[in-house]
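My notes follow in the order I took them.

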Amino acid sequence: MKASTRTFTGLHMLLATSAFFAVVIAVNFTMAFYASSSWSGLVVENTYVASQEFNGKAAAMKAMAASGVEGALSVKGREIRYDIHDKEGTPAIIDEVTLTFKRPVGDHEDFHVTLRKIGDGRFEADHEVAGGDWIVEAISKRNGVVVMHVAKRIDTAGLGQ
């Protein structure tokens, strides 16, 4: 048998180590690029101001929840329907409903839609809603005063889309 004349030299070690770290660095830069381009990371403009307003907003949300006004959202194709009723189940007296559709991550598909009133407690709009997960924020007003403000996470595939 003939012994191999190849040896593992320092140059081989340098090339192997360099290749390993080149792959690690390339993957890190790629992941950092996709992370920074897909979501701004901005939740509020000024965290101090948001923290000062928190208690007031929490009290207002508790009062709205205690009123018993609830809404039901349905999305079928391009038809968006929102039915709103009080705690007795009768249609609530509401003048305006605005829905904001937000993706959980990313804002390039977000949109607002003001629904038209088609009857007491019944509102609808015609707007394309892409499939997938959404956070829908509903703001209902009567005489310019917010009566209900709620946000729910939905999956449009589960709503007959």
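**Entry 1: strand pairing.** I began at a strand end, where Gly119 stands opposite Arg122 in E5. The model is a predicted one. I then followed the two strands concerned: E4 and E5 pair in the antiparallel sense, over three bridges. They form a hairpin with two residues between them. In that turn I noted Gly121, which has a positive phi of about 70 degrees.

Next I asked which strand is joined to E2 by five bridges. I found that E2 (residues 79-85) is joined in this way to E5 (residues 122-126), and that the two run antiparallel. For Glu79 I looked up the bridge partner in E5 and found Asp126.

**Entry 2: Val97.** I placed Val97 in strand E3. Is it buried or exposed? I recorded Val97 as buried, because its relative accessibility is 0% and the cut-off for buried is under 20%.

I listed the contacts of Val97, leaving aside neighbours within four places in sequence: Tyr82, Val113, Thr114, Leu115, Phe123, Ile139 and Ser140. I also checked Val97 against Glu124, which is 27 residues apart from it along the chain. Their C-alpha atoms are separated by 9.1 Å.

**Entry 3: Ser140.** From the contact list of Val97 I went on to Ser140, which is found in strand E6.

Not counting residues up to four places away in sequence, Ser140 touches Tyr82, Ile84, Ile94, Glu96, Val97, Val145, Val146, Val147 and Met148.

**Entry 4: Glu137.** I stayed in strand E6, which is also the place of Glu137. What does the side chain of Glu137 make a polar contact with? I found the side chain of His149, at 2.5 Å.

With neighbours within four places in sequence left aside, I have Glu137 in contact with Thr98, Leu99, Thr100, Lys102, His149, Val150 and Ala151.

**Entry 5: the largest pocket.** I read a volume of about 430 Å³ for the largest pocket. It is lined by 20 residues, and I noted those closest to its centre: Lys102, Arg103, Asp110, Ile135 and Glu137. The elements that give two or more residues to this lining are strands E3 (96-102), E4 (111-119), E6 (133-142) and E7 (145-155). E7 supplies the largest share, three residues. By class I counted ten nonpolar, five polar and five charged residues in the lining.

**Entry 6: the second largest pocket.** I read about 170 Å³ for the volume of the second largest pocket. I wrote down its lining as Met61, Met64, Ala65, Gly68, Val69, Glu70, Gly71, Met148, His149, Val150 and Lys152. Helix H2 (47-67), strand E1 (70-76) and E7 are the elements that give two or more residues to it.

Which element gives the most to this lining? I found E7, with four residues. I sorted the lining residues into six nonpolar, three polar and two charged.

**Entry 7: cross-check.** I went back over His149, which lines the second largest pocket. Its side chain is the polar partner of Glu137, and Glu137 is among the residues closest to the centre of the largest pocket.

Definitions and conventions. Residues are numbered from 1 along each chain as its sequence is written. This is a predicted model: local features need pLDDT of at least 70, side-chain atom pairs count only at pLDDT 80 or more; totals for chains, interfaces and linings use all residues. Side-chain values use heavy atoms; hydrogens and water are left out. On a 1 Å grid over the protein atoms alone, a cavity is a set of points where a 1.4 Å probe fits but cannot get out, and a pocket is an open set with protein on both sides within 12 Å along at least five of seven lines; lining residues have an atom within 4 Å of a point. Grid points are joined across faces, edges and corners, and a volume is the space filled by probe spheres set on the points. Ala, Val, Leu, Ile, Met, Phe, Trp, Tyr, Cys and Pro count as nonpolar, Asp, Glu, Lys and Arg as charged, and the others, Gly among them, as polar. Two strands pair if DSSP finds at least two bridges between them. Buried means under 20% relative accessible area, exposed over 50%, partly exposed in between (1.4 Å probe, protein chains only). Contact means heavy atoms within 4.5 Å. A polar contact is a pair of N or O atoms within 3.5 Å; within protein, one must be able to donate a hydrogen and the other to accept it, and residues adjacent in sequence count only if both atoms are side-chain atoms.
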